[in-house]
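I opened my notebook for a structure I had not seen before. These are the things I looked up, in the order I got to them.

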Amino acid sequence: MDLKRTSRSVIINGVIAILVGLLMMVWPGTSAEVVVRIFAIWLAVIAVSSFVLAPKGTRSGSLAARSVLLILLGALIFFSPMFFAAFVTILTGFAVIFFSFLALTASLFIRRLGVRMWWALTLIGAVGIVLGFFFLFAPDAGVTALIFTLAGFIVLVGIALVALGWRLRKTAQAIRQDPHRRPPENGGDVISGEIIE
């Protein structure tokens, strides 16, 4: 796995998430249409950047399918924003739950790599699942409250992704300096040394 390229992808996606979250906070009262279009653009950009910046050899069929589905969903939302504005709470709930499960899955994977910030993705995933179910079961909470909550969550996800990306970059540098370093199986410290076969 190319950790340097992965860290770049994670950091770029984190910065994009922070910018989108801040834009949603700045424009909450202008109209639901603007916010829905910003969300649609974010889905498409994340899909494209995740696929394009994926490490060589990891562009699987599931990654391509996820990227295509997110692009199609983003385009559908972008070109019919008023239709989706009525359902934005429910759609957001499903999207947050989906991405939160992805975050939980990714956190388990990076924990096995020995990255110490794995718990950040676990925390974001758990909070996201609770938030997603809230949106699904309380759709009358109000669009403005939803926009601020969603924007704050997207900013938190962005901050966590940037922090994770920096940690992955440091891990890649440590591996490059000590090529015999292997991730610990129990998540503890790594002991460097020669491999004896």
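This is a predicted model: local features need pLDDT of at least 70, side-chain atom pairs count only at pLDDT 80 or more; totals for chains, interfaces and linings use all residues.

Ile 90 came up first, and I found it in helix H5, which covers residues 88-112.

Ile 90 belongs to a nonpolar surface patch together with Phe 83, Phe 87 and Phe 94. I noted about 420 Å² of accessible area for the four of them together.

How many aromatic pairs does the structure hold? I wrote down four. One of them joins Phe 78 and Phe 79: the ring centres are 5.3 Å apart and the planes stand at 90°, so I logged the pair as edge-to-face, a label that takes an angle over 60 degrees. Phe 78 is partly exposed at 27% relative accessibility, while Phe 79 reaches 66% and counts as exposed.

Phe 98 and Phe 99 make another edge-to-face pair, with 5.4 Å from centre to centre and 70° between the planes. I have Phe 98 as partly exposed at 39%, and Phe 99 as partly exposed at 24%. I also saw that ring pairs tie Phe 98 and Phe 99 into a cluster with Phe 39 and Trp 42.

Arg 37 sits over the face of Phe 78, 4.9 Å from the ring centre. Arg 111 does likewise with Trp 118, at 4.6 Å from the centre of the ring.

Trp 118 sent me to helix H6, which runs over residues 118-137. I counted 20 residues in H6 and a reach of 29 Å from its first C-alpha to its last, close to the 28 Å expected. Which residues of H6 are buried? My list has Ala 120, Leu 121, Ile 124, Gly 125, Gly 128, Ile 129, Leu 131, Gly 132, Phe 135 and Leu 136.

Last, I stepped back to the whole chain. I found seven helices and zero strands, so my sketch of the order from the N terminus reads α-α-α-α-α-α-α. The protein chain has 197 residues, and 41% of them count as buried.

Conventions
Residues are numbered from 1 along each chain as its sequence is written. Side-chain values use heavy atoms; hydrogens and water are left out. Patches are made of residues with over 30% relative accessible area and no salt bridge: like charges are joined within 9 Å, nonpolar side chains (Val, Leu, Ile, Met, Phe, Trp, Tyr) within 5 Å. Accessible areas come from the Shrake-Rupley method with a 1.4 Å probe; for residues, only the protein chains shown count as cover. A salt bridge is a side-chain nitrogen of Lys or Arg within 4 Å of a carboxyl oxygen of Asp or Glu. Helices (H or I, at least four residues) and strands (E, at least two) are DSSP runs, numbered from the N terminus. Rings of Phe, Tyr and Trp (its six-membered ring) pair if their centres lie within 6.5 Å; planes under 30 degrees apart count as stacked, over 60 as edge-to-face and the rest as tilted. Buried means under 20% relative accessible area, exposed over 50%, partly exposed in between (1.4 Å probe, protein chains only). A charge sits over a ring if NZ of Lys or CZ of Arg is within 6 Å of the ring centre and within 35 degrees of the ring normal. The expected span of a helix is 1.5 Å times one less than its number of residues.
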